[in-house]
Amino acid sequence: MSGHDSKYFSTTKKGEIPELKEELNSQYKDKRKDAVKKVIAAMTVGKDVSSLFTDVVNCMQTENLELKKLVYLYLINYAKSQPDLAILAVNTFVKDSQDPNPLIRALAVRTMGCIRVDKITEYLCDPLQRCLKDDDPYVRKTAAICVAKLYDINAELVEDRGFLEALKDLISDNNPMVVANAVAALAEIQDSSTRPIFEITSHTLSKLLTALNECTEWGQVFILDSLSRYKAADAREAENIVERVTPRLQHANCAVVLSAVKIILLQMELITSTDVVRNLCKKMAPPLVTLLSAEPEIQYVALRNINLIVQKRPTILAHEIKVFFCKYNDPIYVKMEKLEIMIKLASDRNIDQVLLEFKEYATEVDVDFVRKAVRAIGRCAIKLERAAERCISVLLELIKIKVNYVVQEAIIVIKDIFRRYPNTYESIIATLCESLDTLDEPEAKASMIWIIGEYAERIDNADELLESFLETFPEEPALVQLQLLTATGKLFLEKPTEGPQQMIQAVLNNATVETDNPDLRDRAYIYWRLLSTDPEAAKDVVLAEKPVISDDSNQLDSSLLDDLLANISTLSSVYHKPPEAFVSRVKTAPRADDEEFADTAETGYSESPSQGVDGASPSSSAGTSSNVPVKQPAAPAAPAPMPDLLGDLMGMDNSIVPVDEPTAPSGPPLPVLLPSTTGQGLQISAQLVRRDGQIFYDISFDNGTQTVLDGFMIQFNKNTFGLAAGGALQVSPLQPGTSARTLLPMVAFQNLSPGAPSSLLQVAVKNNQQPVWYFNDKIPMHAFFGEDGKMERTSFLEAWKSLPDDNEFSKEFPSSVVSSIDATVEHLAASNVFFIAKRKNSNKDVLYMSAKIPRGIPFLIELTAAVGVPGVKCAVKTPNKEMVALFFEAMESLLK
Amino acid sequence: MPVAASAIYFLNLRGDVLINRLYRDDVGGNMVDAFRMHIMQTKELGTCPVRQIGGCSFLYMRISNVYIVIVVSSNANVACAFKFVVEAVALFKSYFGGAFDEDAIRNNFVLIYELLDEIMDFGYPQNLSPEILKLYITQEGVRSPFSSKPSDKPVPNATLQVTGAVGWRREGLMYKKNEVFLDIVESVNLLMSSKGSVLRCDVTGKILMKCFLSGMPDLKLGLNDKIGLEKEAQLKSRPAKSGKTIELDDVTFHQCVNLTRFNSEKTVSFVPPDGEFELMKYRITEGVNLPFRVLPTIKELGRTRMEINVKVKSVFGAKMFALGVVVKVPVPKQTAKTSFQTTSGKAKYNASIDSLVWKIRKFPGQTEATMSAEVELISTMGEKKSWNRPPIQMEFQVPMFTASGLRVRFLKVWEKSGYNTVEWVRYITRAGSYEIRC
């Protein structure tokens, strides 16, 4: 028989909240309890029931423990949003903390510690003080953890009230669970403090080792983990610790085992006796292997850790390679990790068996796994010289199966084998060449071309083979183009006959004239220069002997490895990254993000041409100025007089604006590009903006010098969009202490820069009094989004389908938030990103939009986001792949 | 830092939150949306159980139709976190009598909230022993744990027991008849090559115990393992008895077993929890008796026909028999027609798992059975990639047989009242992952 709580979820009538309110205030106990259950059910499914706060808290004073716990749970969730009302609960908490029932005393402190409201925290201190000295160990163990909670809220308070000392006293408690929790709390406090708070002395060490035998499995983990920070004084002490910890290897709890392994490995560093070390290695192997019969997720954690352990001490599992053979039904993540460890454990002794396994895996279904298996064979060949020949014969067998991705992967690893053992296995090249036509992956193609070029001398028809690739040279990816260039170069140097000469000529021509890839162009120029001036030198360079590569299967460097081994069983050991690399001490504050979004949305609106009106009304301008994002403190303080039509309006309005509000900005603050410290007092702020289908450079000058500045001129360097000034810069002489702001019309496609697209805009500004100032700006691509970017549904669909899949790109904007679909659509439309359709995909909304930049390049956009949740996924299809990076930059800034 | 979780979520397969509990303030309340968006709704699901998104790490497991997701933002102890989930699920199962799924969670959400509050504090796992928690966390609507037990009232010193040195057994138990049931359950894992050589073979065994004992008994278990016997002989200074001994590769014990004592004396001594629990697990790789041999021959005749012949031999004692024997022989997806001949049992083609399934209800020892099948395939054009043959898989149970040869030599019970105990021992061997490549 089981519970029937599901009925509490089923009340979704219209007047739910008032109804609940009534029930919560019912005179009948049972009805009140049911009502609280309904509230909790509503809270679970994500409804906002915070408005019932007072009514729920009124149910708190009850004899019924179950009801009390539910109310407490409600408080934990909502106290933060109702801090003023939370104070209502304090009396009951304090009373409960003195209840004769230890379960209630503990419950009260435990819950109070979870409520992060200052007023509650103040009242927590006295009950906590009492509970730390309670007669009942259950209350003490709860109070111990509560000190850590309080430290997280208010560290000073913990130190002032002497809780740290009380906590340290608990290490000597006679109850092992109290000891364990006190240790956990102290370790956590130490983690967030720079001062030494919890240092393990030899005295505490022996206490902890004793407690280890008695406390619960989790307590053992807490104690073992904090012992892992202890540095033994000498080998004898290390041996002593290890001896006391070793029995834990037999524990059924994987966390206890891994934490014990961690300590043993750390202490082994100090132990000098090789017998002891050998013995320990022998003892650690079986428990590690046993972890592989746990749940797959635990196996994964174990395998990631074993990966580290075998790098440090390969002997531990040297004879256990069989346990890492993959089972057919292992999840893919377990298989991949097992494979990695098999490579590490492969040796001359077991390689035959290992190769049979790899070969078996190479015929499985999962493509990623198959590729990794093929690559594993190659890595073994590189690692084990004596086995290389056998590895190659297995690879050749696999190539003969003619499964496309197996062949390509095999060719990639064979290239590495050739580099490792030059002039040894060239006899197989003929076999490789048979698969030439099937290669369609850049890496495989590049590898094959490298092989042909490297051994051009020995391959009779090398020129024919290369020629077949040359036909498609302009369409190839950069990786393949570079290899083709080098290979043709090699061929020509080895066989300087007519055919190769024509080939190299064609390639050099193509690579220097018709490409916009700077790497390729530069390499081609170098070869060209070398070949035309000194062919001998070219030989020395292009055909130089290459250094022999080595096995990369023990990749981690030793200091990182030691760092990771000290973190066995933690996330760090799973990611193979030191904790600093992924843990940020900064707390996440999603609410702040929301506000930020609201800010930018508002400033986004005021960017529209109606800003003059904004400035005119004092109330709304005050609103805008208070909403200016704090993160841009560099905003110019003085408003710039606006030229043109707006200027008149402003001038007129300025006279009515009260004198105490002269700083109301005339528009959104512009980013400062030339700070006054660099500009000898002149500060320049500017931004590209789009107004009524025209691009302007919105630029503002701030004269902080002692003299009048006049004769301003501006020039733009060549850039991707060929932006140039569409007229003269019109700035009237600038008095000291004043500023001027102007909109400079811009024209595009005037001075285009070659090369890969970039958002860099280099600007030079001069005036009659100062030297020329150079500064860099960024071109926001959305300034180019045209008003003609709107597409019909049908043409969008057609365009989407007509573009090949490799024209699709996607990117995550982890910090962007969509707080409302309509607002986002409107906001984007203001920047000429047009809404086409939307659909709902479970809890996420998918928006389809379009935009167009000049020269008719469309962007077909798919935005995926859940309302109110950080993280927007942006996918885009466009015929012009090179613009995609800039496009994402623009979208990200629009969605900020 | 041994923190295991900042928040825990129970989600159904659609991603709806069934239960959530925030333990720490360092993760946002809506992180589960990130999980839904970046893991559940992408191809990532199932590719890796530990993922980092933004500043948070997500550790997740699927149990029946529920995802349990742990969110952390610090360098948490992952092993601890996963083990906590496993143990918590076991605890819930013990509370609501068996199933753990979406319905069970909805039906018991109040209880689960209460338990979640109790078993983890600020991200640190506390006592998860069902036996002890049931002393003071009880709910109407759930299976009443004490209805059949002598003392029905909540024990006043529950708190001492939660934190006590014997944190898994309550005091004051009384039974009229003192009984202990021991089940030795072994899973044989085998990977055999198509040529019949054993690539990998091991036995993972566990000893399950059901105790109905009064008071605070001390138990001692003796097995026929080599090291234990040698140590015993050494302590009693007499030569070890001859007879079959086995070598355990590794053993792990329930937290009730005194590990220090095991380490020094090699004896398994413990104060058992009341009721059912898993006393120990062990692993053996040497000297495994395989209960079955499988000899497959598969011939591909052209592109549209296959002949499959599988012979299964039982190699355990003639007086014993295996139950529920199932042999699954994979066939290509484009199988159209099958026909069978079997010497015993029934065979049929199961299209949903692309296998021929041959079932034999009862399989006596020292006998053999064969199945021959003809398979016709739909010819497909341009099928370049040859069929990758997944291994043949086998399921079975052999009662009163241990693949390892492990035997219980004795189980001694001491209690200060000096009562007599009745002990029952059963053995059973099952197929773990029993795979034969073909």
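Okay, housekeeping. Residues are numbered from 1 along each chain as its sequence is written, and chains are lettered from A in the order in which they are written. Since the model is predicted, local features need pLDDT of at least 70, side-chain atom pairs count only at pLDDT 80 or more, and totals for chains, interfaces and linings use all residues, while side-chain values use heavy atoms, with hydrogens and water left out.

So, chain B. Its C-alpha trace spans about 75 × 65 × 40 Å along the principal axes. Of its 438 residues, 58% are buried (under 20% relative accessible area, 1.4 Å probe, protein chains only). Now contacts, meaning heavy atoms within 4.5 Å: taking those in chain B with a separation of 6 or more, 69% join residues 24 or more positions apart.

Next, the interface. How many residues does each chain bring to the contact? Chain A gives 111 and chain B gives 105. The two chains bury about 9,400 Å² between them, with 56% of that on carbon and sulfur atoms; buried area here is the accessible area (1.4 Å probe) that two parts lose on being put together, summed over both. On the chain A side, Trp218(A), Gln250(A) and Leu571(A) supply 8% of the area buried against chain B, more than any other three residues.

Last, charges. There are nine salt bridges between chain A and chain B (a side-chain nitrogen of Lys or Arg within 4 Å of a carboxyl oxygen of Asp or Glu). Lys149(A) and Asp121(B) form a salt bridge through their side chains, at 2.8 Å, N to O.

Key: Buried < 20%, exposed > 50% of the residue type's maximum accessible area, 1.4 Å probe, protein only.
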